[in-house]
Amino acid sequence: MTTMKHTSLNTFKKALIVVACSTLGAISVNAQANDVNVPDTIHWTIPFGVGGGTDVWARFFSTWMSDHIKGNPTLVIDNVPGGGSINGSNLFAMRAAADGSQWIGTSASTQYPAMLQDRRVRYSYNDWTPILATPTGGVVYAQPSLGDSAEEVLNAVTNQRVKFAVQSHTGLELPVLIALDLLGADVQAVSGMRSRGEGRLAFERGEADIDFQTTSAYFSSVEPLVESGRAVPLFSLGVLNDSGEIVRDPAFSDLPTFNEVYETLHGEAPSGPAAEAYRKFFASGFTLQKLILLPSDAPDELIQEYREAAQRFVDTEAFKDEAEAQLGPYTPVVGEVVEQHLQEAMSLDDATRQWLVEWLLEQHGARI
Amino acid sequence: MIDVLFSSLGQLFTVPHMLYMVIGVLIGLIVGIIPGLGGIAGMSLLLPFLYGMEPSVALGMLMGLVAVIPTGDTFASVLLGIPGSSASQATVVDGFALAKKGQAARALSSAFLSSMMGGLIGAVVLTAFILIARPVVLSFSSSELFMLTLLGLSMVAVLSGKDVFKGIAACGVGLLVGTIGMAPATGEFRLPFEIDYLYDGLPLVVVGLGIFALPEIIDLLVKRGAIAEQPCQLGKGWKEGVKDVARRPGLVARCAGIGSLMGTIPGLAGSVVDWLTYGHAVQSAKDKSQFGKGDIRGVIAPESANNACACGAMVPTLLFGIPGSGTAAVFLGGLLLLGLQPGVSMLETNLDLTYTIIWSLALANILGAALCLGLARPVASLTRVPFVILAPLITILILFAAYQATRSLGDLFALGIIGAIGVLFKQANWSRPAFLIGFVLAPGAEAYFYQAAQFQGAEAFMRPGVLIIGALIAASLIVPPLCSYLQKRRPTENSAKHALQEEVAPLSLGVIDVALLGSLLAVAGYMWWAFADLSMLGGIMPRLAIAIIVAACVLEIIRTVIKPMKWQIQTLSQQLLWVAGFFALIASVMVFGFLFTAALFCLGFLLVVARMKPVAAVGLAASVTLFLMGMANLLTLTYPTGVLAGL
């Protein structure tokens, strides 16, 4: 707005325009941004309760986003808990204005029901555009009574039934359950844990034989167990690189990924509907575990501005330092890359879904 | 270790630390006093400010808040009959009865004093426990947790006294309502009736407010008195309450002990603790006749327990990173925002901060109790205000509080429906605490039973811990009746007559009883049919609940047939009118929005029903609206905007 195309304008006119512009600028902060009308306040719906993982994640990002978006809008976090994030997401899908002033932050437990076509879901990721996604990783570990090394344990779990405490059969643990099944383990999933932490407690009490934690929880609570010989790490889920391959998790570079373990055992990469289901749920639940989204019909230049703002800080050292504790050693993915991955991850073809429905019923007696 | 203990105490008394802790305490008190806003809402107020704060100072502020909420929420429980938060539900029973007798100040001062004692004992337990707790907490497996839920359920028998079958039936209804939502074993949905709101089950806050608060409001409106039936003698009651506590150090210590230990067990909601200790107070009392009608022990027991429980809940939170209560869950989020990872390593690397937390808890308990005692006098005078003036304000407050549960219009409907059940129960003298205990324990009982059976198989029920708790349950069921039986066996003339009288005295039946028994049996039949397509595992709990209801109803019917009973006149029409009015209010919220309805309802009620002067009525209605708008700003709320929004 302040750049002049017509150099023929005389100084007086220039000055007049500058004055006019700065007056406008003083009235509205928005005018400062290059043709972008950034709202003063952005309401960020978090379909989870206060203090939960996604809430803390959002509060962490809200400062960074607010500081880097032009005009420094105020970010207000609006917690709408209920239905394991379905209720809040439904409300957002129904009500959110498309002027870029409303965001939603979702997590694996928002993505999974959409993929499984839960009948309560009335939102669609097709209507939303991602700004940023944060990945996480995870490690599967077992009781040392099953064996001293990962090989021994993996051998043992194919011969005996092992117990695994999960929140629900279709929760965050779903890809882990599929992975263990692919490895030939006979897993009995005991559901009804209220958090992954409760699952770990069942493991520490010796009730569960096998357990799984995401990266940050693994570092704070499982590593001490491993060090004192009370847990044996088996494999990590790995991370997805930009070309869509699952590679070693930078947080656990010493641990093989599930795919590596499978290949050593079977001599080839996993394939078939089970492998396909694993891939999809791993991608949408871990590679893109938490997402910042807004309605797709928001103004393009605003979406662009938000993405650029995210880009401005994710690569800085200051951000990485602070993010280490919150996100682990993973870099958030910004903009169009997320969009591609998201489309890919959320689309579950009918054959895979059918396989999943049957598998859940047969293996775990769970209906979806 | 000791030196860290004291160096962290030194840090506590620095100016910024004290300042922020006082801020935390003040916010905690305000949040505690406003019904329905518990620790979770309070924490959400503070969370945005935590980012970038010095951890020890921030922790002081958070703990100040956590510690005083179970102190401040006593005001609402005692003065208004509304459970201030889930931790003070049991306090309502006798606390509110005392307030109605004009002894609000006595109830309050003893509640605050026992809260403080409980909090301090809890802090001491926490200090010792944090070092040795790990094996203890790890020894509670799913089977012991299941037994603890049974111990909680056994309190129903203790609490329902004479009307034991009605109590058990009420508990069965609570169990059934508690199974709404997802089956923990199979992920099936039960009783959703295709309503989104019901998929999650009903929130505890809504059920608590519905079963206790609404019936009380309606009852008082029908009677049209002030809350206190006699003028409140504050000066005298004050000292009396302190003496009441001083006379019962054993009760305070035992309840605080139970509270802090129960708090340390992750997964067992803090809301059970107050009922367990209330039941304990009833059990251990020689004269049980005044419980429910205003026995000070019924206030002291849960109040000493709930503060201690808040301390105990910190153990699993700090040690395992697993929150022991809803508030602790938010506190955990706060820790993460401060860059602290709870877990065993927290004790090793941040022992000083851990002790800061404990010291802050202790100090905040003292501060909170002192502040509350100071406030008791002015606030207790509320009970002398004619209730018709308070009624609209309280009604709006309850609507607001219930709406905080999931921020869905479903909260308001659930409140109305549970409220209607509560009105029936209250009029016919069916135990409302029994209902609530059933509701609270249903999900836990089912999940832990399923988990214990899956994890441990048949061995689950042979474990020593299980047997110990089983013996406790048996004792709590058998010992009290045995004692009273033995007392009757060796009678002096007088007490024999007395006992005889009590035996024969009123086994009464009224029209509501008949209606309740009939409709419960009908509902049970319908439910049994509706559950037909549930799998075995998913259906076992609701079917059990139905079986309990049917058995209790049938036994009650048999009892009334064979024993002499008196026909009791139970009036209801006026109460039902008010319930209908409440639903009209909800309909108005749907059409005109919450703020507009609140303003209009207050104004209309104050002018027409309370016959206030227009100026005063407008002023009051305006301040209610301003309060709601202020809260909306603070908590970033969106109220229902009307025209059937959000369905």
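A residue is termed exposed when its relative accessible area is over 50% and buried when that area is under 20%. In this predicted model, B:Arg247 has a relative accessible area of 54% and is therefore exposed, whereas B:Asp244, at 1% relative accessibility, counts as buried. These two residues are joined by a salt bridge in which the closest N and O atoms lie 3.4 Å apart. Elsewhere in chain B, salt bridges with shared partners connect B:Lys100, B:Glu216, B:Asp219, B:Lys223, B:Lys426 and B:Arg432 into one network.

Over all chains the structure holds 31 salt bridges. In chain A, the side chains of A:Glu344 and A:Lys280 form one with an N to O distance of 3.8 Å, and this pair links distant parts of the chain, 64 residues apart, with A:Glu344 in helix α13 (residues 336-346) and A:Lys280 in helix α10 (residues 272-287). A:Glu344 is partly exposed at 39% relative accessibility, while A:Lys280 is buried at 8%. A further salt bridge, between A:Glu207 and A:Arg205 at 2.7 Å, has both of its residues buried.

The contact between the chains draws 45 residues from chain B and 53 residues from chain A, and about 3,900 Å² is buried between them, 50% of it on carbon and sulfur atoms. Two salt bridges are counted between chain B and chain A, and B:Arg134 and A:Glu204 form a salt bridge with the closest N and O atoms 2.4 Å apart.

How values were computed:
Residues numbered from 1 in each chain as written. Chains lettered and ligands numbered in written order. Predicted model: local features only at pLDDT ≥ 70, side-chain atom pairs only at ≥ 80, totals over all residues. Heavy atoms only, no water. Contact = heavy atoms within 4.5 Å. Buried area = accessible area lost by both parts, 1.4 Å probe. Salt bridge = Lys/Arg side-chain N within 4 Å of Asp/Glu carboxyl O. Buried < 20%, exposed > 50% of the residue type's maximum accessible area, 1.4 Å probe, protein only. Helix = DSSP H or I, 4+ residues; strand = E, 2+ residues; numbered from the N terminus.
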